[in-house]
Structure formats: C-alpha cells, structure tokens
Amino acid sequence: MMLPAIIKSKDEKALIIGPCSAESEQQLLKLAPQIKSMNPDLVRAGLWKPRTRPGGFEGLGERAVEWMNMLQSDFGFKICTEVANVQHVEIALKAGFDALWIGARTTVNPFYVSEIANSLKGVDVPVLVKNPMNPDLFLWLGAIERFLDSGLKRLAAIHRGFSFYGNSVYRNIPRWQIPIELKRRMPELQLLVDISHIGGHPHYLLEIAQIAMDLNYDGIMAEVHPNPENAWSDAGQQVSPDYFKRHILDKIILRKKASSSPLFNEQIALLRRQIDQIDLQVLDLLAKRMKLTEVIADHKKIENVSIFQPERWDVIIEQLLQQGKTQDLSEEFIFALTEAIHIESIQHQSRKMNHSIPEKERQ
Ligand code: PEP
Ligand code: MN
C-alpha cells in the first residue's frame, strides 16, 4: 500500500511542537517567535482536552480558533489540533487547520473512529492517528484502516505510549515492539513519536527521542509552552522553546539509514549471517524442548497428573534468572522469554493430554 508522505519527504524528520492546550492569545503570541527558528512542520495545540476527571480545564474550544489562525497568517505556521468528534472536525475544517490528530482516547473506540472517518470522506486533510491507550496493535491498525477506507491518503501514526499498571518512570510505557510491528505491516506509513506523553517529565524527553530516531522514526511531536510551570494542562511535561531546542533538538544524534562503506557493509553482513544462524539454532533447540514436554505429557496422562506445576516453574525461573545475571541478560528479558516458552510448553502438553478438544476452543 502506498501512502504519500504526510508531512515531510522521505529522509527528513518531521517536527510538531506547541502547547498541550491553546490557553490565550498572549500565550500563542509569546510562543510563536520563540519557535520560529526551529521551523516546525506543524504547530500543535489542543482546543478540546480529554480530561480523566471532571472539573479540570477542558480546553477553550472554538474560542481558540482565531488565535490559531493568527499563527498561520502572522507567522506562516501550519497548525493542527486534536479532534474527538464530528463537531470538532467541522470546526477545525472550517477554520482551515492544516492537519488533525486523533487522540489516544479516541483511537480506542471504533465507533468514534468510524464517525470521524465518515465525516472526512472526500476531504483531503492529513490525519495523524495516535496509538490507543491500551497496548493493542490492532486497534491502532484498525483506526488507520478506517481512515484509509474513507479515502484519506495523507495519514501518519503517532506513538504516544500506552497506559499500564505497575511501575515505570515514564507516564506511558513505550512498548517499542508495537509501533515497530505497525511499521512492518505498513512500511509507507510515517511514524512519529510523541515524547511528551511517553515521558511525562522533561528529564526523559531526550532519551525517548533518541531511541525513536535510532529506530528510524519519521519525526517528533513535543509539548512546548512559553511558560511551562503555569500551563493549564500537562504542566509537568511541557518545556520552554529554549529548553526544547538546547536540551533536546540540538542533542539528538541523527543516524543514517545505511552506509556506503564496503568494509562496514561486509562486516555487518557477516555478523548478521551469524545472528541468523544462532536464531535458527535457538528455534531448533526450542522445538526439541517442546518435544520433550510432550513426552512428559504422555507420562502425566498415564498418572493423571496436572500440567501446571507451580514449584517446578519457580525452580526454572530462579535458575534462569541466576544464569542470566552472569551473562548480562536483563531480568525483564529472562521473564518474558521464560514465560513465552512456558506458555508454549503448556499448550503442547495440553494438546497431548486433551487431544479430543479442538484447538480453537482452547484459545
Ligand atoms: C495531547 O496530545 O495533548 C493529548 C491529549 O494526547 P493523547 O491523546 O496522546 O493523550
Ligand atoms: Mn497534553
């Protein structure tokens, strides 16, 4: 599928900056000259703010339109905002917004996405689709497909991280494998990273931006505010234009997609061949391991012993964690890997022990 570049031609990185919310004419008048030298492709500001609990600042809505238009007419910027329903779309299109984005709380809901996508039939406006709140690749993909079905051509995805239960220093965990898989399925789709909503704090913005650039993302969205401490929404994660330029933009190292050095390419090819070889060996060993678990299942069946043995599982995990530590493998990795192997083993055993139950009904 060919999707024309939404914001930039292939090799350039796109930059979208601006405040979380449009708050006042002065706010935008102060911001505009401070971001001019960074030459953003789009200036962002929320007119309608999705707030988790009532009573907070929910955005100034249509009142902010004329200040946003001033960014276009007086400063030559292109502007974008979040649309969460058909009424927002109508207002934004009438006001001549240059692009629209779909927020994470909208992408989660196929009804909302369908309504918005239908309302955009026949309109040629760029739409940036943020990932859904929950780590579900297919909701994200599904939203993009709905816009494609409506005939929209200029689409891009924005990775803003996923909500989670547990501990992380970030506000939303990145789960990089999800956007990477999205890009693998839709290679022409431009993928941007929203460093502010992933990081949730200025301290993490650079490292997130750098990872995204190392993964060949097509651009960055960041919340930039002339007076971040007093922002009406998301004050904790916004940074001033000067901070953004000096501590993030100027520090990002852009890497090339490829090199023309023959020596480099030869070395990489050699190393990759070795890696491919090891991957095949790993698969081979795993298949052998599964075969052994099936033999165990035969024995368990005869003795009518249950498949899952928690004590055994504890021993395996403990053993591998210890071993992993000595080999520079993270606990997180050992857990994920062991869990995946364990689930597959259980499936193999249960297929052996309950082969009268059709596979489909067990999933
Ligand atoms: C935003 O960009 O201000 C916003 C609300 O984003 P998200 O939908 O990613 O939470
Ligand atoms: Mn925000």
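Where does histidine 342 lie? Histidine 342 belongs to helix α13. Good morning, everyone. Please bear in mind throughout that the model before you is predicted.

Let me first describe the protein as a whole. It has 363 residues, and 44% of them count as buried. Its secondary structure consists of 13 helices and eight strands. Taken along the principal axes, the C-alpha atoms fill a box of roughly 80 × 50 × 40 Å. Now consider the contacts in the protein between residues with a separation of 6 or more: 72% of these are made by residues 24 or more positions apart.

I turn next to the metal site. Which residues coordinate the manganese ion, ligand 2? The donors are Cys20 through SG, His197 through NE2, Glu223 through OE and Asp234 through OD, at 2.1 to 2.5 Å. Written along the sequence, the spacing of these donor residues is C-x176-H-x25-E-x10-D. Within this set, glutamate 223 is in strand β8, residues 219–223, while aspartate 234 is in the loop between β8 and α10, the latter being residues 241–248. These two are 11 residues apart, and the pair links distant parts of the chain.

Is glutamate 223 buried or exposed? Its relative accessibility is 1%, so glutamate 223 counts as buried.

Most residues other than glycine have a negative phi. Aspartate 234 is not a glycine, yet its phi is positive, at about 50°. Aspartate 328 also has a positive phi, of about 60°, although it is not a glycine. Where is aspartate 328 in the fold? Aspartate 328 sits in the loop between α12, residues 310–326, and α13, residues 331–353. With a relative accessibility of 75%, aspartate 328 counts as exposed.

The next topic is helix packing, and I have two pairs to show. The crossing of α1 past α2 is right-handed. On the α1 side, the contact is made by Glu25, Leu28, Leu29, Ala32 and Pro33; on the α2 side, by Trp67, Met68, Met70, Leu71 and Phe75. Sorted by class, this contact of α1 with α2 has nine nonpolar residues, no polar ones and one charged residue.

The second pair is α5, residues 110–119, and α6, residues 137–149. Here the axes come within 9 Å and cross at roughly 20°, which makes α5 roughly parallel to α6. The crossing of α5 and α6 is right-handed. Which residues meet there? From α5 come Pro110, Val113, Ser114, Ile116 and Ala117, and from α6 come Leu139, Ala143, Arg146 and Phe147. By class, the contact of α5 with α6 has seven nonpolar residues, one polar and one charged.

Let us now follow the chain beyond α2. Phenylalanine 77 is in the loop between α2 and β3, residues 79–82. At 5% relative accessibility, phenylalanine 77 counts as buried. Setting aside its neighbours within four places in sequence, phenylalanine 77 is in contact with Ala32, Ile35, Lys36, Pro40, Val43, Leu71, Gln72 and Asp98. Glycine 59, by comparison, is 18 residues from phenylalanine 77 in sequence and 21 Å from it in space, C-alpha to C-alpha.

Finally, I return to helix α13. Histidine 342 has a relative accessibility of 17% and counts as buried, since the cut-off for buried is under 20%. Not counting residues up to four places away in sequence, histidine 342 touches Phe308 and Trp313. Methionine 353 also lies in α13. Its relative accessibility is 14%, so methionine 353 counts as buried. Again not counting residues up to four places away in sequence, methionine 353 touches Ala297, Lys300, Lys301, Val305 and Ile307.

How many residues apart along the chain are they? They are 285 residues apart, and their C-alpha atoms are separated by 65 Å. Thank you for your attention.

Technical notes
Residues numbered from 1 in each chain as written. Chains lettered and ligands numbered in written order. Predicted model: local features only at pLDDT ≥ 70, side-chain atom pairs only at ≥ 80, totals over all residues. Heavy atoms only, no water. Axes fitted to C-alpha atoms, helices over the stretch in contact; angles between N-to-C directions. Helix = DSSP H or I, 4+ residues; strand = E, 2+ residues; numbered from the N terminus. Parallel < 35°, antiparallel > 145°, perpendicular 65-115°, else oblique. Left-handed = near helix turned anticlockwise from the far one by under 90°. Contact = heavy atoms within 4.5 Å. Nonpolar A, V, L, I, M, F, W, Y, C, P; charged D, E, K, R; others polar. Donors = N, O, S within 2.8 Å, 3.2 Å for Na, K, Ca; no water. Buried < 20%, exposed > 50% of the residue type's maximum accessible area, 1.4 Å probe, protein only.
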